[in-house]
Amino acid sequence: MYPTIRSTAYEPDPSHGPWCEPLRVLRLGEGLHTELTRRHRETHREPDHPLRLPVRRLNTLLGAMAPGVLATGRNAGTDGTLPWLYAREDVPKAILAPLIGTWASTLAHRADDDDGEDCWPGADLEETLLTDDPESSLRLPDWEAETVDLTETVHSHGGTAEPAQRLYGLLPECVALRLAARPLQIGSTTLHFRVVSSGQGADLVSWPPQRYDRKKLTWYYSALVRVTVHTVPFSPRFRVHISTGVRRWATRLEVPPRELSGSTVLLEAPIPWAGSSPSEARRLITNALNYDRQRKELTWRRHSTAPLLPDLDIIRTYPEPEELFTAPEKWLNGRHDIAAGIVYHPSIGPHEVGPGLMPRERAELDAWVEQGLQPVLRRTGDLTRATRRNTPALLPRSSAKLGPGSRETQLAQQRRSALARVLDGRPLEVEIWWQSPETRDALLRELPELMGNPPGARLIPDKDSWQWQGDGVRIIARVRPVGALGGPLRLTGDRKRRKAVRLADAIDERCALVAEQTDPPRSGPSLVIAEIAGKDRFTADSDPKHALRLAWARQGRLTQFMNLPDDTTSTLKHRAHWTWLDAFRQLGAISPPAHRAGSGIPDDTQYVALWLVRYTRKGPTRCPARRLVAVRVRPGDDGPGGIEGWDVQRDCWVPYSQLLMSLADGTGDMGSADGAERAHTSDGAESAEQHWRQEAERQIRALLFQLRERPTLLLVSAANLRQCWTSLRNGELIRDTLAFGPAPGQRHTLYGPGLRVVLVRDANGRDEVAEWYAHDGAERIGFAGGLWGTNEADNRVFSSTANTPHTAAKLPKGLVKLVPTSEGPTAPGKTAWNPAQLEITVLGCLSEKALADTGSLRPAPDRPVDWATLAHQLRYHDDYPPLARPLPLHLARLAGQYVLPLARQEKQQVTTDPQGPDPRV
């Protein structure tokens, strides 16, 4: 058992002091910014629409083509007085001017003008930028000297260290360039890195790519190191997170060109200016592919810089999108100093290189990073075990410890008890709509195995109907071929109507077909298990899954889907097993095992989880919506309401299955999620955002007052709920305090004398929580499950890690994928799975200060570690591998599958632009 874990996170080293860099800074200037914005506005469709100068494309171009540019400042498109470019030394204006001129010439082509007369001539603008006339509004400003502290920190009222705002973009670039200056030596192989700028930080990609020969073909991949800046609640120093992995390159394209739309292309190009020899590491330029449906060919997306490069470098030949599609391997290996690679995505087809790295290789990369960042940044301290009670009262896996009956027998007994609680004497009706007979038969075989065979249990077949009965549970299953119900949706081709409206019509049509072919359910819970093809079998918006869920929900039936056997690699028995378990979960027939978090947890504690469902116009029904979901779990409650959800319309708690039905009928929506997106003024956008946030906070406050009668553990995903509850930002957190809106925070016990609040946070797709590996202080490196923390007094922030599931493939922890050895020549083909780290913050508990503020006579204050332990143990259940989140949050998030809003009418004027609707609408 490993005693410690190590996060791949770094912080400013106080022994070194500030990390100050003498930099050169260039501002766009008020005059140049105003003039460029004016010209851009004049050629825009709606002159009154608030605009920001679209400098994203220009920033990418400057980072790649202007020697010495370190980073670009944020919000330079909205304010010309803000720092725009950071560099080690002045970049000559003779280089900046053609770059800006080339970019500017692409901005002002009128959307309704095809003759090109309104384009800004880049050459003329270039000459104007280089003018010596100090009165010219288009004159390029001079560089300024500025010493920048890359560790500049502001501390919040709650004690959380936050970096200066510009460091979120600037610091990752500086760290990445610092690391890229040193090659990585692994064995006899040396890896060199290129820097890739991204919206969330900076990436390091080993270049040229590694080769892996498999199945008589060559597959390409690179090492990937990602750098981001984050904060940790109540920490006195902010963090730089380093995540590592494998970047795979697409060289076998088994899809039509349209499937590559949106794919990222990284382009390596030399700096074209004579005599340029930048001291910084070279970069890869980020571009994206687009599929032009009219011309039926691949093009570059609007923000890509690749189309601008031939205007700047007339000597070299740059790849066109169609060339990348037909010969991806040729361009990946490079032609005449130009190389380009399509970043692989699973939708493109199979790849023989597996994702992920094992902990030993992650540790080697981390050691290389640590050396490169000394002495300005130091590694954060290792975490030690906060408790030995890592799991709740689970059934032992060893048969010798189980006593009478096998583990499977006791699991079946638990499932029957949970179902009996939910059904409350009523039969469960299940309709199985199948496409393949083997799936139908597997589902019917798996049900008795899951339920066990208690005395009196029996399975009664009757034509297309089966009954299973035993131990107070009766299940009636009817089977029918799915037929046309599982076919693709058919959207009309009327482009004058929004896609969301046309999709709503197609869904209504499928709902009518389901109603024709389905008998209304009888009394009692009703469930549908439907076998349909995987989403990859359908074109965009034709997948019937969401339409079928809505159709059966309108009849009062829950729905669980199962893919065709050909659409998955899992065994049929395995998929049938999980289909039934997920169906039981939707019924609410699941309860957390008894916790072992200690005597500090009151016996009657209830668990409540909040989750915000937020869809934009890219959501499953192309219709925006926002809905707050609340789930309550009362352990030991023998009644049917053990797992409940808050029904907004009825203003009461209802069984979990009824919550899902209420979500499907669309009630309780907090307003259109794209109201701000459609607003034509900044005031309108701000008003729409403020309105729905106020409504969300009102619902949360009202809900908390409904929970005052007994001790409550409130579980919140900070990354999810801070979208509407903005005071959950790390910089706003104060121990034992809750705040809503602009009002100052109040002690959390005002919302309930027994209320405890725990925030959980995962990587959230942005590396908000660092990666990790376990070690013993010597040579052993691997995985370890448990709750971890520091030895600091009154520590409120803990780390929850789970053991590798017994179902995961067992791989050597020392497996080397980046540079395979003779002992492991097939190592690159392995998929390396690493358990994620879940951050647990005990925001509110009955601490000594909280008890003193309330005048409570409680004999002993809470120990924050007990409540963190409880949240950690809620990730475990006998029927499941360790969950990504505590069970109540898991249930609240999955309930969002039933939030399926439909667009009912046109609410905007539709454009006839051949490129599609105006993205600003």
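Before looking up any partners, I wrote down that two strands count as paired if DSSP finds at least two bridges between them. I also noted that this is a predicted model.

Entry 1, a pair of strands around strand 16. I looked up strand 16 (residues 264-268) and found that it pairs with strand 17 (residues 285-292) in the antiparallel sense, over four bridges. Within that pairing, the bridge partner of Leu-267 is Ile-285 in strand 17. I then turned to strand 19 (residues 339-342), which is also joined to strand 16 by four bridges and runs antiparallel to it; here Leu-266 stands opposite Gly-341. Is strand 16 enclosed or open to the outside? Four of its five residues are buried, so strand 16 is largely enclosed by the rest of the structure.

I traced four strands that form an open sheet in the order 4-5-3-6, with antiparallel pairing. Its edge strands are strand 4 (69-72) and strand 6 (144-149), each of which pairs on one side only. From one strand to the next, the twist averages 40 degrees. Strand 4 is paired with strand 5 (residues 83-87) in the antiparallel sense over three bridges, and Thr-72 stands opposite Leu-85 of strand 5. I also saw that helix 5 (residues 167-180) packs on this sheet, where it touches strand 4, strand 5 and strand 6, and that its direction makes about 155 degrees with that of strand 4.

I checked the length of helix 11 (residues 437-451), whose 15 residues reach 22 Å from the first C-alpha to the last, close to the 21 Å expected at 1.5 Å a residue. Its buried residues include Leu-443, Glu-446, Leu-447 and Leu-450, and just after the helix Gly-452 takes a positive phi of about 75 degrees.

I found Thr-579 in helix 14 (residues 572-587). Why does Thr-579 count as buried? Its relative accessible area is 5%, and buried means under 20%. Not counting residues up to four places away in sequence, Thr-579 touches Leu-443, Ile-529, Gln-560, Phe-561 and Met-562. With neighbours within four places left aside, Trp-580 is in contact with Val-430, Ile-432, Leu-443, Glu-446, Leu-447, Leu-450 and Ile-529.

I ended with the totals, which give 21 helices and 40 strands, and 55% of the 921 residues counted as buried. Among contacts between residues at least 6 apart in sequence, 73% join residues at least 24 apart. The accessible surface comes to about 40000 Å², of which 48% belongs to carbon and sulfur atoms.

Terms used: Residues numbered from 1 in each chain as written. Predicted model: local features only at pLDDT ≥ 70, side-chain atom pairs only at ≥ 80, totals over all residues. Heavy atoms only, no water. Helix = DSSP H or I, 4+ residues; strand = E, 2+ residues; numbered from the N terminus. Expected span 1.5 Å × (residues − 1). Buried < 20%, exposed > 50% of the residue type's maximum accessible area, 1.4 Å probe, protein only. Contact = heavy atoms within 4.5 Å. Areas by Shrake-Rupley, 256 points an atom, 1.4 Å probe, with all protein chains shown as cover. Axes fitted to C-alpha atoms, helices over the stretch in contact; angles between N-to-C directions.
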